[in-house]
Amino acid sequence: MARGRPREEGIDDAVRVAVRALLTETGYQRCTIDAVAARAGVGKAAVYRRWRSKAELVFATVIHPVELEPPSDTGSLRGDVAAVLAVIQSSLDSVELRQALPSLLADVRADPVLEARFGEVFLGRERGYLVQMLDRAVARGELSRRPDPALVHAILLGPVLTWLHLFTETPPSGGLAASLASPLHAAVVALGA
């Protein structure tokens with residue numbers, strides 16, 4: 001039996017629009033729960049029922065929601081790696097995230113409770129997403145065993161995050177995800193050998 005009131009998608013959408021607007025206009029520090037609620041035309045309680053903190057709200061709005069769609073099954077590990085890299089790139093490539101990421105990461109690291117929640121909710125879900133991809137590759141015989149999902153996570157996330165948020169070069173002409181797919185596929189295969 002479901003408990004509590006059902007979620008109203010209109011409120012969720014209004015809050016997400018407010019977060020994106022505030023991040024662009026005022027930056028992460030001034031994007032408070034009070035400001036988001038006022039901008040969205042909802043009460044603070046409605047925001048806190050959905051997200052436990054500003055950091056969680058911002059992450060879920062500009063990077064990815066708590067629930068993730070299953071990773072694409074392209075029929076090959078190389079194709080799956082390319083598809084996952086494209087998802088990572090699209091998740092990390094926004095003006096709002098550029099505004100928020102340094103302070104968001106600082107907030108998460110400064111609070112052990114928030115850091116543990118992020119590990120459980122976001123990193124845990126991302127790794128579960130990768131486990132699905134890796135297990136398919138094992139079943140197809142492309143990997144002899146499932147490599148450590150944390151290592152695969154770092155291998156796939158690190159280069160995209162670095163390129164988009166630390167480097168100033170424009171992405172390669174063939175696209176960042178496509179350019180990284182072959183070398184990162186090789187790294188995943190080496191881990192699963």
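1. A55 is buried, at 3% relative accessibility; buried means under 20% relative accessible area, exposed over 50% and partly exposed in between, with a 1.4 Å probe and protein chains only. A55 lies in helix α4. Helices here are DSSP runs of H or I with at least four residues, and strands are E runs of at least two, numbered from the N terminus. A55 touches Y28, L104, V108, L114 and F118, leaving out residues up to four places away in sequence. Contact means heavy atoms within 4.5 Å. A55 and L101 are 46 residues apart in sequence, yet 9.8 Å apart in space, C-alpha to C-alpha.

2. A word on the basis. This is a predicted model, in which local features need pLDDT of at least 70 and side-chain atom pairs count only at pLDDT 80 or more, while totals for chains, interfaces and linings use all residues. Residues are numbered from 1 along each chain as its sequence is written, and side-chain values use heavy atoms, with hydrogens and water left out.

3. Now the largest pocket. It holds about 850 Å³ of space. Of its 31 lining residues, F59, L123, E126, H153 and L157 are the closest to its centre. A pocket is an open set of points on a 1 Å grid over the protein atoms alone, with protein on both sides within 12 Å along at least five of seven lines; a cavity is a set where a 1.4 Å probe fits but cannot get out, and lining residues have an atom within 4 Å of a point. Points are joined across faces, edges and corners, and the volume is the space filled by probe spheres set on them.

4. Which helix gives the largest share of the lining of the largest pocket? Helix α7 does, with eight residues. At least two lining residues come from each of α5 (77–92), α6 (95–110), α7 (112–139) and α8 (149–165). By type, the lining divides into 21 nonpolar, four polar and six charged residues. Nonpolar covers Ala, Val, Leu, Ile, Met, Phe, Trp, Tyr, Cys and Pro; charged covers Asp, Glu, Lys and Arg; the others, Gly among them, are polar.

5. H64 sits in the loop between α4 and α5. H64 counts as buried because its relative accessible area is 9%. Its side chain makes a polar contact with the side chain of E126, at 2.5 Å. A polar contact is a pair of N or O atoms within 3.5 Å; within protein, one must be able to donate a hydrogen and the other to accept it, and residues adjacent in sequence count only if both atoms are side-chain atoms. Beyond four places in sequence, H64 is in contact with F59, F122 and E126.

6. E96 belongs to helix α6. At 15% relative accessibility, E96 is also buried. Its side chain makes a polar contact with that of R20, at 3.4 Å. E96 touches R20, L23, T24 and V62, not counting residues up to four places away.

7. Buried residues of α5 include L77, D80, V81, V84 and L85. The buried residues pack against α4 (54–62), α6, α7, α8 and α9 (176–191).

8. G192 lies in the segment after α9. G192 is buried, at 1% relative accessibility. G192 touches L143, S144, R145 and P147, apart from residues up to four places away.
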